[in-house]
Amino acid sequence: MSTFNALHITNTKPRIAIVAAGVVSPLGFGLKETLHSLRSATDCVSTVSRFDVSHCRCKTAAQVPDQRLLVYRQKGRKNARLHRASHIMIAALAELLERDQEFKPEVTVIGTTSGGMSFGEDYYRALHRHEDLGRSAQWIANYPPQKPVLDAQNAFGISAPCFVIANACASGTNAIGYAFECIQSGKYERVLTGGYDALSELVFVGFDSLQAATPEKCRPFDRDRTGMVIGEGAALLALENLESARKRNATILGEIIGYGISTDNHHLTQPDPSGSGPRRAMEQALRSAGCAPERVDYINAHGTATPFNDAAEGKAISELFGRVPVSSTKSMIGHSLGAAGAIEAVICLLALQSQFLPPNINFRAPDPDLDLNVVANESRDAKIDIALSNSFGFGGTNASVLIRKAAA
Amino acid sequence: MSVRIAGMGWITPLGRGVDYVWNRLLRGDEASAQTISRNEGARAYQGFLVPNEALNNLPPHPRLRRASAISRFAAAAGLDAMAQAKAMDPKIEMERLALVFAVSNGGVAYTKRFYHDIVESGAQSASPLLFPETVFNAPASHLAAILGVNGASYTIVGDGAVGILGMKMASDLLEMGAANHCLVVAAEEADWLLCDAYHRWRLIKSSPPIELFSNHPRGTILSEGAGAVLLGREGSVKMDSINAGGNFSQRRNSTGVVNRILQDLRDQTAFVVASANGTFVDLAERDAIRKQIPNSIVYSPKAALGESVGASALWQVIIAARALAGKQLPPMRHVAGNAGLRFPAGTNGIGLSAIVSSCGLNQQAAGLRLSI
């Protein structure tokens, strides 16, 4: 384990509370369903039904059931025209606001990778095949990544300026981290943050073409791992200056206490095998929290189950944290790209609240090159106070956030 | 702490280089539209494209070998901004440099090629070389690798206002102490597909000129290129205020949002660099300017440079900074006679502060004020 001389740093900056959250993922709609599915180690991966995957190596993904989204689609003609990603975002925001109706964000920071991509696909397919383009204006207007964020805000009368971060698969964690810094700087009191992404053919086939997606089970950190499965969903967190939240007697679910970001210039899609990029992000998160690595009780790893990513991340984790319990919940819910960091932050929050370690399913044999304490296959009860969530992406973007259990 | 502009880079359909493009604008030059075709039988569009020679002296780098046009534009503008800043202050610490990349449509050309193969021949034909270049943060990743940025790098996506949001994010990062300098780059590439999409969205017209502030907007012409602004603590042009704005769910509400932004930023001695582009944006800005700062000189560069969407607001920032330094604005062409606004005439009305107003085409608006 690395020596890290940061045990007694006094952090005088404002503390940042998580006062509400909302989540939609293949694990379920809402925190309660998500917790139940995590506890029972649910494998949410199934055959892709939204588009033709017959020519892909990988034919599976973790999908949000459409029938659960119907209620949001059916709320008026305008909602029916919105992209599925907007409905997912509206559902997540509905839960968040139900939990804290007084939360009024000054700014919104959301991560995504592909926005309403499938509308772009619809438009291009129709154009190419000389099919009916009568809905093209609707597709084009609702395709951009900021649109589902604005749609969700509009659905609840929120008009905060929106920063939409597209840092590939690190987007969700970058969004939370940047939101954390916004409040910590004293410039803002309340920020709505999180991430979303909806399954699209272009992105699915893209990962398949790179052979990053597996035709088998997703087995993060396993000796025989063969790649990721794609997922989808959204998670939102209401962040607020702790003092301000306490003044209005808001429920404090937990705290974001640290954030780290780094850029790895090794390659557009491959991490530096040394793990230096992820390590710098994790170290920076620890420094910003004034927290020694020994105090971290659980790591929700990026853990895509691709051979190179897990090797680089696993190396960085074991060097920095020793044998702290690690799991990649992507084994259950796939990689939801821009939503991943946000959903995994919510999973950390649930783990901290309910004092358990979420499982890394489909795990068969440890990788002899990685000295990791993997939470294999079943959730475990544990006393945890601080959790770290990692997200890394194309372009060499690395992001880590530290989350602390709410004080009793 | 004051945030200042330490360097700028610019590549546009009028060429590359802040001074070069600026002098052409002052002369009243306008970019020449080119025909953008898809294939025989398909509708052709007019667009303002970056001339090939503008990228001639871009230094070779392995990251740019296969990179899309947007990445090359970003590299050109980003390198120029850094070079300009380093000429004044050679000691810029790269490890304390953050990168904020603003974009709207991204790498459209490669995305189209990648998806075309899937539609045409099936998923088995998808190119693993093209896919990574379709990701929104690919240009930022290339630029980070070229410059050696290994700390914070954010790609943000939005409509035409995204450049102002990028400036806001960069200013906040500096004020938070997260970096000593922050390079804001905004870029866009034009493509037939984009022209067709905006045409179907009823936002573009068939050929120039772009007529500004007309009562009956007839549409805009797309363009491409990049702008880069290095923010730091030194430099003659200061960031006074940034309003990250708000959102309008319907176009008819855009005036109200722009009005609130200008009300917040207003300075009766400031001139305005507007985002008017021949669409509903013109009416929103016209009405808000008339109400909030009726005596201000108003300039929009879009008749000369076209609508570069994600890059456009940063181009406006460069124009505002250059106009403040040179106490001069370029002439306005193709302006409606009954707009009820004051347009540039020599050095009249060019004060010590400038407001950049950006109303995007898809529900976002923002603004900022610079001073010298």
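1. Two residues are in contact if their C-beta atoms, placed from the backbone, lie within 7 Å. Keep that in mind for the points below. Note too that this is a predicted model.

2. Start inside chain A, with two helices. L69(A), Y72(A) and R73(A) belong to α2(A). They meet R84(A), H87(A), I88(A), I90(A) and A91(A) of α4(A). Sorted by class, the residues of this contact are five nonpolar, one polar and two charged.

3. How do the axes of these two helices cross? Helix α2 of chain A covers residues 66–73, and helix α4 of chain A covers residues 84–99. Their axes come within 9 Å and cross at roughly 85°. Angles of 65 to 115 degrees count as roughly perpendicular, so α2(A) is roughly perpendicular to α4(A).

4. Now look between the chains. Here 52 residues of chain A are in contact with 51 residues of chain B. Several elements of chain A give two or more residues to the side that touches chain B, including α5 (117–128), α7 (146–155), α8 (171–184) and β9 (254–263). The largest share of that side comes from α9(A), with six residues.

5. What classes of residue make up the side of chain A that touches chain B? There are 25 nonpolar, 20 polar and seven charged residues.

6. Strands also pair across the two chains. β6(A) is joined by two bridges to strand β6 of chain B, residues 153–157. The two strands run antiparallel. To find one bridge, pick I165(A): its partner in β6(B) is I156(B).

Notes: Residues numbered from 1 in each chain as written. Chains lettered and ligands numbered in written order. Predicted model: local features only at pLDDT ≥ 70, side-chain atom pairs only at ≥ 80, totals over all residues. Helix = DSSP H or I, 4+ residues; strand = E, 2+ residues; numbered from the N terminus. Nonpolar A, V, L, I, M, F, W, Y, C, P; charged D, E, K, R; others polar. Pairing = 2+ DSSP bridges. Axes fitted to C-alpha atoms, helices over the stretch in contact; angles between N-to-C directions. Parallel < 35°, antiparallel > 145°, perpendicular 65-115°, else oblique.
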